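Here is a short briefing to read alongside the structure. Keep the sequence handy as you go.

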Amino acid sequence: MGRHPRRRSAPATTRATRASRTIKIAGIWSAALILGVAIAFAVRPTLRHAVAALLNDPATLPALDGVANVHYEPRALACAEAVAALAPQAIERVEAAHGRPFAQKPVIGVYASYEHYARANGLGDPGVAAVTRAGAALLSPTLCDKESDRLEGVVTHELSHVHLSGWRPFGAPRPPQWFTEGLAVMASNGGGAEGVSDDEAAQAIRDGYRIVLDGRRWIDFAALGFEREPPRDPTKSALTQRQRLAYRQAGMFISWLRRRDEAAFLHLLRALEAGEAFDLSLESAFGESAPSLWRRFVSALSQPSGAG
Ligand SMILES: [Zn+2]
């Protein structure tokens with residue numbers, strides 16, 4: 001067995017140069033990586049908020065066990081108990097409206113600190129009353145304080161989102177927000193649309209201040225689409241007025257769809273829960289597109305007999 005010639009080792013100076021070059025390149029790459037992440041965070045606040053939400057999962061908080069897992073910040077115990085007390089009725093309402101039990105026991109996060117709530121809700125915004133994120137409903141402290149009269153409606157509204165997302169397969173296309181919000185308003189009998197009556201919303205529709213049924217994100221209330229900009233009451237928050245009017249109109253449209261053909265409506269929900277695409281599922285259930293059904297709804301509202 002011949003000996004392999006010993007590889008000549010590089011002179012010490014060359015090795016040192018190589019090592020320092022390697023360190024330098026690694027340093028440049030790490031600096032570039034850190035810079036890239038920093039730029040991504042600065043340019044995409046949504047990414048920053050998503051990471052904050054991942055690190056502030058409500059499931060890590062203590063929980064009251066019942067028909068729902070109500071997780072709470074220790075200072076929010078009384079609020080969590082109020083939520084746990086209304087949960088059975090809220091769950092019953094949602095299951096009746098959606099026509100099916102929950103896929104799993106719903107998770108609700110109850111916060112005492114606006115700062116922690118904003119970090120956990122994936123928006124970085126403490127001003128939203130509630131958010132459903134990653135299948136869990138997160139409640140702002142305001143729902144057990146200034147806006148406690150909205151607690152039951154908003155919890156039921158969020159549980160409608162939790163119900164739908166609990167059945168949908170991971171990565172399935174999202175139904176448009178006008179549909180999911182309208183469904184939640186319908187299921188909660190007006191949760192999220194407080195302060196705007198059916199009559200007021202119907203009048204706004206007759207006057208041409210109608211929501212646009214598109215794929216816009218309804219969490220961005222300023223960008224929420226109306227065919228004509230609704231008039232504003234200067235004594236109220238402009239964003240709240242737009243949002244509640246839009247939610248009420250969407251809720252009325254969903255109720256109308258359900259009254260029009262309950263079997264088709266339930267067929268549509270089952271298709272969405274199976275992860276099917278919205279437009280095709282709606283057309284196959286109702287035999288018409290959403291814009292065409294919306295036009296029928298608007299014309300029904302314009303008849304003297306009402307929403308019919
Ligand atoms: Zn909602």
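Predicted model: local features only at pLDDT ≥ 70, side-chain atom pairs only at ≥ 80, totals over all residues.

The protein has 11 helices and five strands, and buried residues make up 35% of its 308 residues.

**Overall fold**
- Among contacts in the protein with a separation of 6 or more, 62% are between residues 24 or more positions apart.

**Helix 3 and helix 5**
- Helix 3 (residues 77-98) and helix 5 (residues 151-167) have axes that come within 9 Å and cross at roughly 50°.
- Because angles of roughly parallel helices are under 35 degrees and those of roughly perpendicular ones run from 65 to 115, helix 3 counts as oblique to helix 5.
- The crossing of these two helices is right-handed.
- On the helix 3 side, the residues that meet helix 5 are A82, V83, L86, A90, I91, R93, V94, A97 and H98.
- Their partners in helix 5 are L151, E152, V155, T156, L159, S160 and H163.
- Sorted by class, the contact of helix 3 with helix 5 has 10 nonpolar, four polar and two charged residues.

**Helix 7 and its two sides**
- Helix 7 (residues 198-206) has A201, A204 and I205 buried.
- Viewed down the axis of helix 7, its buried residues fall within an arc of 100°, so they line one face of the helix.
- The cover over these buried residues includes helix 8 (238-260) and helix 11 (290-302).
- Turned away from the buried side of helix 7 is a face with the exposed residues D199, Q203 and R206.
- Just after helix 7 comes G208, with a positive phi of about 95°.

Key. Residues numbered from 1 in each chain as written. Axes fitted to C-alpha atoms, helices over the stretch in contact; angles between N-to-C directions. Helix = DSSP H or I, 4+ residues; strand = E, 2+ residues; numbered from the N terminus. Parallel < 35°, antiparallel > 145°, perpendicular 65-115°, else oblique. Left-handed = near helix turned anticlockwise from the far one by under 90°. Contact = placed C-beta atoms within 7 Å. Nonpolar A, V, L, I, M, F, W, Y, C, P; charged D, E, K, R; others polar. Buried ≥ 20, exposed ≤ 12 C-beta atoms within 10 Å, placed from the backbone. Arc of directions from axis to C-beta.
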